[in-house]
Amino acid sequence: MSELDRYDYQLPRELIAQEPLADRNDARLMVVNRRQQSIEHAYIRDLPRILRRGDCLISNDTRVVPARLLGERDATGGRWEGLFLEANADGFWRLLCKTRGKLRPGETVTLWDRDVRPVATLELIARQDAGVWLARPTRLSAYRPPASTLPPALQPAHSPSSESFELLEQIGRVPLPHYIRDGEMNDADRYSYQTVFAREPGAVAAPTAGLHFTHELLIELVGSGIQQCRVTLHVGMDTFRPITVEHLDQHPMHTEWGRIEQPAVDAIARCKAAGQRAVAIGTTSVRVLETAARESGILGSWSGQTDLFIRPPFPFRVVDALMTNFHLPRTTLIVLVHTFGGEELMRRAYQAAIEQRYRFYSYGDAMIIL
């Protein structure tokens, strides 16, 4: 068995969840205990009894932006598709482009809204590394956007890039991974593919473990003495990219922007000092926490780009427990989970999930590793 084969498994296609459950709390939750080497089956609604009073739940408050763009090339009339990656302080966009033929600097693209109306233009400025383009968006003056139908909690927060995010809210599609309806969104995905924690716009993929929580469950957890704090990691599409090299140390790890502020650091420190557990909601929260403690070995406030690739052997300095969805094989995410939970136990857990017909991937069920 090669090094990468250890992170592979065969999944029946029908176990890939195509829609979220009507009630997020009805999702199944596999409870994996590292000390006892045991596997039990529960539901998300059971979290208040599974966690202990004083535990601290750490969630990722990134907000998924509707980053998938459609339009046509003004020069040829050909169909164009793009994926927004980020906006800089000057309002220029970095994005990936997909079209027939070769794009050239100076070319313009007309962007459509979800009703296929022309809304804005993109001037392609320069091609950068890895097929990324720098572009300048301009809203068409004749277009008047409809009032937002999103509830206030899901409206984009004001930021230096707020004009870009407002435009994306009007024209962009939810960037679903390809294994959900071949990436084609429906109207419900604007809500379903967003966590209740979402505040800071910038992700092009959801931190999927957070999709299981509702406001009602959070209130119940508070009543059970469970603490909560937030970090930010803007999830990129590379998070789903398979590892293609033979050895993990040859894999070029992608970077993502993250942040943890001092109030969250203090809350986690108090929790651990009292002998309770730091429980990360999702691999993205793990990545922030362990990045922030990587240099000194002690958790501190931090912001910036992280290229941390958590693979064996890795000394976890902050995270005591992890709640996470079931991940694609041969990806950095499943490597992280195996590193935290232990290879043999995680292989048993994934096999049990298949046998018990758990729902997999972004809209699927979850496990918590204690």
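H7 and H8 pack at an angle of about 120 degrees, and their axes lie 7 Å apart. The model is predicted: local features need pLDDT of at least 70, side-chain atom pairs count only at pLDDT 80 or more, and totals for chains, interfaces and linings use all residues. Residues are numbered from 1 along each chain as its sequence is written, and side-chain values use heavy atoms, with hydrogens and water left out.

- Helices (H or I, at least four residues) and strands (E, at least two) are DSSP runs, numbered from the N terminus.
- Axes are lines fitted to C-alpha atoms, for helices over the stretch in contact, and angles run from 0 to 180 degrees between N-to-C directions.
- H7 and H8 are therefore oblique to each other. Angles under 35 degrees count as roughly parallel, over 145 as roughly antiparallel, 65 to 115 as roughly perpendicular and the rest as oblique.
- The crossing of H7 and H8 is right-handed. A crossing is right-handed if the near helix is turned clockwise from the far one by less than a right angle, and left-handed if anticlockwise.
- H7 contributes Ile334, Val337, His338 and Gly341 to the contact, and H8 contributes Glu343, Leu345, Met346, Arg347 and Tyr350. Contact means heavy atoms within 4.5 Å.
- By class, the residues of the contact of H7 with H8 are five nonpolar, two polar and two charged. Ala, Val, Leu, Ile, Met, Phe, Trp, Tyr, Cys and Pro count as nonpolar, Asp, Glu, Lys and Arg as charged, and the others, Gly among them, as polar.

**Thr339 in H7**

- Thr339 is found in helix H7. Thr339 is buried, at 16% relative accessible area. Buried means under 20% relative accessible area, exposed over 50%, partly exposed in between (1.4 Å probe, protein chains only).
- Leaving aside neighbours within four places in sequence, Thr339 touches Ile310, Arg311, Pro312, Phe314 and Phe316.

**The open sheet**

- Nine strands form an open sheet with mixed pairing, in the order E2-E1-E17-E16-E14-E3-E12-E13-E15. Two strands pair if DSSP finds at least two bridges between them.
- Strands E2 (38-43) and E15 (302-306) stand at the edges with a single partner strand each, so one side of each has no neighbour in the sheet.
- Neighbouring strands of this sheet are turned by 20 degrees against each other on average, direction ignored.
- E12 (residues 227-233) and E13 (residues 256-260) pair in the antiparallel sense over two bridges. Leu233 has Gly258 of E13 as its bridge partner.
- Helix H7 (residues 332-341) lies across E16 (321-325) and E17 (366-369), at about 150 degrees to E16.
- Helix H8 (residues 343-355) packs on the sheet and touches E1 (28-33), E2, E16 and E17; its direction makes about 155 degrees with that of E1.

**The barrel**

- Six strands form a closed barrel with antiparallel pairing, running E5-E6-E7-E10-E9-E8. The twist averages 45 degrees from one strand to the next.
- E7 (residues 93-99) and E10 (residues 132-139) pair in the antiparallel sense over four bridges. Leu95 stands opposite Trp133 in E10.
- Helix H2 (residues 162-171) packs on the sheet, and its direction makes about 85 degrees with that of E10.
- Four of the five residues of E8 are buried, so E8 is largely enclosed by the rest of the structure.
- Three bridges join E5 to E8, and five join E8 to E9.
- E8 and E9 form a hairpin with five residues between them; Val116 in the turn has a positive phi of about 60 degrees.
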